[in-house]
Amino acid sequence: MAKESLTVGKYSDVTLIARGGMGAVYKAMHPTLNRPIILKKLTLRGKSTFGERFKREARILMDFHHDDIVTVFDHFKQGSSFFIVMEYVEGLSLEGLIKEHRYLDSVVCAYILLHASKALGYAHNRGVVHRDIKPANILLSRDGAVKLADFGIAASADDTDSGLTSEGMTLGTPSYMAPEQFENSRNVDGKADIYSLGVMAYEMSTGKRPFPGAFTPELISAKHKGKYTGPHKYVPGIAKPLLKIIKKAMHARPKRRYSSVDPLIRQARKMLAPYKKEDLKEYIGALVRGEKDIHPPVPRRRLVKTVLQYAAGVVCVGMLLFAAYTSTLIQPLFRNNSYGRLRIEVEIPKVQGAYSAIPATVQLYSDDGNEIPLAASPLLFSVPFVEQDKVSRLTTLPLFIPEGGYRIKTTWGGHIIWNSFVQPGQSKIKEQPGAWAHTEKVSVPVKDSYAVNMKLDITDALTGRSIIDSAYVSVEDNQGRVMNISQAAVSSGKVWKFRINAPGYVEQMYSLFIKPEETHLTLSADLLPLPVVLSLSGLPEGTELEINGTTFIRTYSRQGKEGNYALVPVQMVRPYPGDILLTPGNYRLSAKLKKAEKSIDFSAAPDQKIRLEFSYGDNELSIEKR
């Protein structure tokens, strides 16, 4: 980053971090603390309310002293600009962390949620409602600290200037705002912040917003109805306590939400109880630092686990005693001559050069001609078998069963095999009294391929809406034959290539090797709408652009070996590309050149091409849509 000036006020080594339409953010050195700080600058022009909000943020934070809230050291005016001096948090925002990792583990979500809730609890107890809780306003340091920032639109009970937020005014970020905040931002209470916490927890857990999009009637209606896709449908492994927090915090009716952040804090602490605080903090810091091959913290041994381990030991001892009781040496002492010893051996073929991981089961049934009641489910153990390298041999513990007719049911993979046999008693073999042995062998047919049951889940990547009814899926086998998925006999043990199309969406393709033992396949695909091609023509040199108020856009990029498209965040900086790929939606493009500013609103449909022509003259900037 290039230095913009050497000093601002008493602060030296000033360097520019970011610039916006009304001000800028700088990094500098504090003259007495001898540590880096942030200078947040507002150029006072236009509406006076902007300056008053800026000053109020400084006043609020100057009175706050909490480990989970960014500290403000000073505020001053220089020329026509107002400055706030605040703590420098070296790291990145929660928004950046989500972009890097797509979604976060439930333990990480609970940790961040805990500290954000504690910060809000501190503010709420002092009559301050933040009104703009979102991942961009949660800062994460390289040592694992969590800091709540940006109280620029906060509401304070002690604030006597009612002109800053008038009746009916809407303030906040639409995706995160509570339903009641759209109607009147002035009179919302802490429950609006709790709702935003729930939305943030949803996004941390899934990488998606429950209500994506801009300030539209559709978004407001969906929020009032409380209709959104359950987070577990995107990430099935989300911890149940976290799902409970999200559901209650995001309830559309304020009376049904948490009354304060206190129960939310308790639930988050309960989730984190099995972990050491130091381990959690270090893990968060490692994620922020971008370290590779890091491992999540390990839960501490708890009383319940210890009891379960002792119980498992008792069970193991009992099994050993049972095995001894049923052994050839002891069992004949307790059985009469009508019983014989049975051991069952199962031979399973190798699959793809290694013993299959598919578990085999063996069940023994008594066969009296009319019924076949279950007699036993013997335990299977693998035994060395070097005579043949094409099969793996499993054997059961010896069983002593009365003479009679029996059936053995063996299941493995897609096979079910029934064997019928007659078990004689030991008295039939005079030369081996008390030790008669009978072995039944079950051989599974060699087969390295099974029919695969297919399930499809095709959704719109932006809205989560199912588009399975309009999707067309074709499949290509390893011999190059292409078939409709409904006509293809997909089987295991092969490589299959799937192509997924839907009208108005970008094609996705997947190549999958289905292992021999895998007999059920769920193919879940998010399809991106066809991109909007935005062409910028005649852009004057030096023009600064923003789309929807930011220089960061999500654009289409090819990802992975199949070349499928994904959305990646890209910062628009000069020189701008001739064409920009956008997702369909409503946009506002703002341009600034010297003292001239111009904005244009446009709507973009899938596969549409939009050209914006720029011109500059007489200190006037114009934009026309073609």
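Which strand holds V8? V8 sits in strand β1, residues 7–8. The views below show a predicted model, in which local features need pLDDT of at least 70, side-chain atom pairs count only at pLDDT 80 or more, and totals for chains, interfaces and linings use all residues. Residues are numbered from 1 along each chain as its sequence is written, and side-chain values use heavy atoms, with hydrogens and water left out.

**View 1. The whole chain.**
The chain comes to 10 helices and 35 strands. Helices (H or I, at least four residues) and strands (E, at least two) are DSSP runs, numbered from the N terminus. Of the 626 residues, 43% are buried. Buried means under 20% relative accessible area, exposed over 50%, and partly exposed in between (1.4 Å probe, protein chains only). Among contacts with a separation of 6 or more, 60% join residues 24 or more positions apart. A contact means heavy atoms within 4.5 Å.

**View 2. V8 and its surroundings.**
V8 counts as buried because its relative accessibility is 7%. Not counting residues up to four places away in sequence, V8 touches V14, L39, F76, Q78 and F83. V8 and Q78 are 70 residues apart in sequence, yet their C-alpha atoms are 8.3 Å apart in space.

Strands β5 (residues 72–78) and β6 (residues 81–87) pair in the antiparallel sense over 6 bridges. Two strands pair if DSSP finds at least two bridges between them. H75 has I84 in β6 as its bridge partner. The hairpin has 2 residues between the strands, and G79 takes a positive phi near 65°.

**View 3. The largest nonpolar core.**
The largest nonpolar core has 78 residues, and I112 and M204 have the most contacts inside it. Helix α3 gives the most to this core, with 13 residues. A nonpolar core is a set of buried Ala, Val, Leu, Ile, Met, Phe, Trp, Tyr and Cys residues joined through side-chain atoms within 4.5 Å. Leaving aside neighbours within four places in sequence, I112 is in contact with L94, L104, I138, L140, V146 and M204. Another core lies apart from the largest one; it has 23 residues, among them I553, M572, Y576 and I580. In soluble globular proteins, nonpolar side chains tend to be buried together.

**View 4. Helix α8 and its cover.**
Helix α8 spans residues 262–272. Its buried residues are P263, L264, I265, Q267, A268, M271 and L272. An α-helix has 3.6 residues a turn, so residues three or four places apart point the same way. The cover over the buried residues of α8 includes α3 (106–125), α5 (190–206), α7 (240–249) and α9 (277–289).

**View 5. The second largest pocket.**
This pocket has a volume of about 360 Å³. Of its 18 lining residues, Y111, L114, H115, K118 and K277 are the closest to the centre. On a 1 Å grid over the protein atoms alone, a pocket is an open set of points where a 1.4 Å probe fits, with protein on both sides within 12 Å along at least five of seven lines; lining residues have an atom within 4 Å of a point. Grid points are joined across faces, edges and corners, and the volume is the space filled by probe spheres set on the points. Helix α3 supplies the largest share of the lining, 4 residues. α3, β10 (146–148), α8 and α9 each give at least two residues. The lining divides into 8 nonpolar, 2 polar and 8 charged residues. Ala, Val, Leu, Ile, Met, Phe, Trp, Tyr, Cys and Pro count as nonpolar, Asp, Glu, Lys and Arg as charged, and the others, Gly among them, as polar.

Side chains alternate along β26, residues 520–527. L521, L523, A525 and L527 point to one face and are buried. β26 pairs with β21 (residues 453–460) in the parallel sense over 8 bridges. M454 stands opposite L521 in β26.

**View 6. Backbone exceptions.**
Most residues other than glycine have a negative phi, and most peptide bonds are trans. The R574 to P575 peptide bond is cis, with omega near -5°. P575 lies in the loop between β30 (564–571) and β31 (579–582). D618, not a glycine, has a positive phi of about 55°. D618 is in the loop between β34 (609–617) and β35 (620–625), and counts as exposed at 75% relative accessibility. N619 is found in the loop between β34 and β35, with a positive phi of about 60°. N619 is exposed, with a relative accessible area of 59%.
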